[in-house]
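Hi everyone, thanks for coming. I'd like to walk you through a structure that may be new to you, so let's bring it up on the screen.

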Amino acid sequence: MNATLNIPRDKSLDSSLDLLREGYTFIQNRSEALDSDIFQVRFLGMKVICLHGPEAARLFYDPEKFMRLGAMPKRVQKTLTGENAIQTLDNEAHHRRKEMFMSFMTPGNIHRLMAYISQEWQQAGKKWETQDHVMLFKEAQNVFCRAACAWVGVPLPEDQVRERARNLGWLVDAFGALGPKHWRGKQARRQSEKWIGKIIKQVRSGKLLLDEKLPAAVIANYRDVNGKFLDRKMAAIELLNLIRPIVAIAWYVTFSALALHQYPMTRQKLRNKEENYEELFVQEVRRFYPFAPFLGARVRSDFTWQGYPFRKGTLVLQDVYGTHHDARIWERPDAFYPDRFREWEGSRFDFMPQGGGDYSNGHRCAGEWITIEAMKVSLNYLMQGITYQVPAQDLYFSLAKMPTLPKSGFVINRVKTAAEFTSPITTNGCPFHH
Ligand code: HEM
């Protein structure tokens, strides 16, 4: 047998508290200190292998070597994703479920969602004109919640919008939290699943008549590998797996507004309509700002990589944020510089804000094109649909908090809507259905 190398170890006996203290930078800090893209830590006594960088990401996204069963902590499933959802499936069960999710991502469907989003921004903007100040993050959540529900076919009475949107936001806000934020996320999940469970029941009983192509109808009528309908709770969880992440785009929109404010040159370039600059800006927002910190999977069966042993069942974490801030890959990674993406060759492993690797074979985000297009529509609205001021406020965001956000939620005032505004809607970047 070939001799194996020892995986470098973090010197701390248990790194759980360090993870809480360092958040997004935890993996990169150790990777740099140990001068290694692979190292080992212990979380509450459990051995975990951490990976950093594109070479490691290529390994992490090999479905022959890793599986998702048992990788996502229950506390995250009980808040962010729902229990036993697509994120935890492997093999044929995953493949079939993913096919269903990908079937929603046609150019026509994306266009339909963007039209809703654009319309909702315009409605919201009219209201803001009469308001003293507006917290963009909250407003964006409401906009995306209304648009997402219309898109999937879930009726959303106006008097429920705020509560539903807030709950969906809390699901996301809980993913790295302990204590009250976690409990709030769990309660928000119970309420959201109850709400969407009722919709599934109504669709199945014919009480709610929907076009059969709408996602709510497709999910209600979807049959799993065993030929059976998803149970009502599971169907609700998967429908929420469309609505919740659309609402989560509010995080990126808030960071987009922050970038426009803190890097005014980018505003100028957008105004000058520099070629493809919108797309470059959106990509840089997804690289530069923190959202998904890292991803987890378990080793399927023993193997060796670059001399290091991976034992069956070991939990492995792939660094996302740190890989986006690695100076070996990105020149001056801590500068916000959208033009860098002109040179970017589109690797599936160095830039993975919504996961890397393959869409159909792997767990890469099904909603990546939706996110990119929705960010563009929203950026357009902020640039051309309204004028506004940014009053003094606390815009600091902590890298220890996961997920993080500027403290103030990005407040704007003196909003005026443009007399004429129609958002150009594109569905570029959707290679799956071309
Ligand atoms: C704020 C924007 C978003 C971010 C940051 C994001 C991020 C992610 C990440 C990191 C993953 C996991 C990748 C992996 O495990 O390898 C994922 C998976 C997923 N995302 Fe997104 N996402 C976003 C928006 C969306 C949207 C708009 C949708 C759908 C409308 C969506 C649907 C999904 C689904 C269904 C999965 C599970 C895929 C699978 O397990 O195969 N996401 N997303």
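How far does a polar side-chain atom of Tyr 61 lie from an oxygen atom of the ligand? In this model, which is a predicted one, the distance is 2.5 Å. His 94 also has a side-chain N or O atom facing a ligand oxygen, this time at 2.7 Å. And on a nitrogen atom of the ligand, we find a polar side-chain atom of Gln 354 at 3.4 Å.

Now, which elements give two or more residues to the shell around the ligand? They are helix H5, residues 91-103, helix H11, residues 232-262, and helix H16, residues 368-385. H11 provides the largest share, with seven residues.

Let's look at the whole shell. The ligand is surrounded by 28 residues, and the closest are Tyr 61, Arg 68, His 94, His 363 and Cys 365. Sorted by class, 16 of the shell residues are nonpolar, nine are polar and three are charged.

Let me turn to a pair of helices. Two packed helices are described by the distance between their axes and the angle between them. For H4, residues 74-81, and H9, residues 180-205, the axes come within 7 Å and cross at roughly 55°. That angle makes H4 oblique to H9, and the crossing is left-handed.

Who meets whom here? On the H4 side we have Arg 75, Gln 77, Lys 78, Thr 79, Leu 80 and Thr 81, and on the H9 side His 182, Gly 185, Lys 186 and Arg 189. The residues of this contact divide into one nonpolar, five polar and four charged.

Note on methods: Residues are numbered from 1 along each chain as its sequence is written. This is a predicted model: local features need pLDDT of at least 70, side-chain atom pairs count only at pLDDT 80 or more; totals for chains, interfaces and linings use all residues. Side-chain values use heavy atoms; hydrogens and water are left out. A residue is near a molecule or strand if one of its heavy atoms lies within 4 Å of it. A polar contact is a pair of N or O atoms within 3.5 Å; within protein, one must be able to donate a hydrogen and the other to accept it, and residues adjacent in sequence count only if both atoms are side-chain atoms. Helices (H or I, at least four residues) and strands (E, at least two) are DSSP runs, numbered from the N terminus. Ala, Val, Leu, Ile, Met, Phe, Trp, Tyr, Cys and Pro count as nonpolar, Asp, Glu, Lys and Arg as charged, and the others, Gly among them, as polar. Axes are lines fitted to C-alpha atoms, for helices over the stretch in contact, and angles run from 0 to 180 degrees between N-to-C directions. Angles under 35 degrees count as roughly parallel, over 145 as roughly antiparallel, 65 to 115 as roughly perpendicular and the rest as oblique. A crossing is left-handed if the near helix is turned anticlockwise from the far one by less than a right angle, and right-handed if clockwise. Contact means heavy atoms within 4.5 Å.
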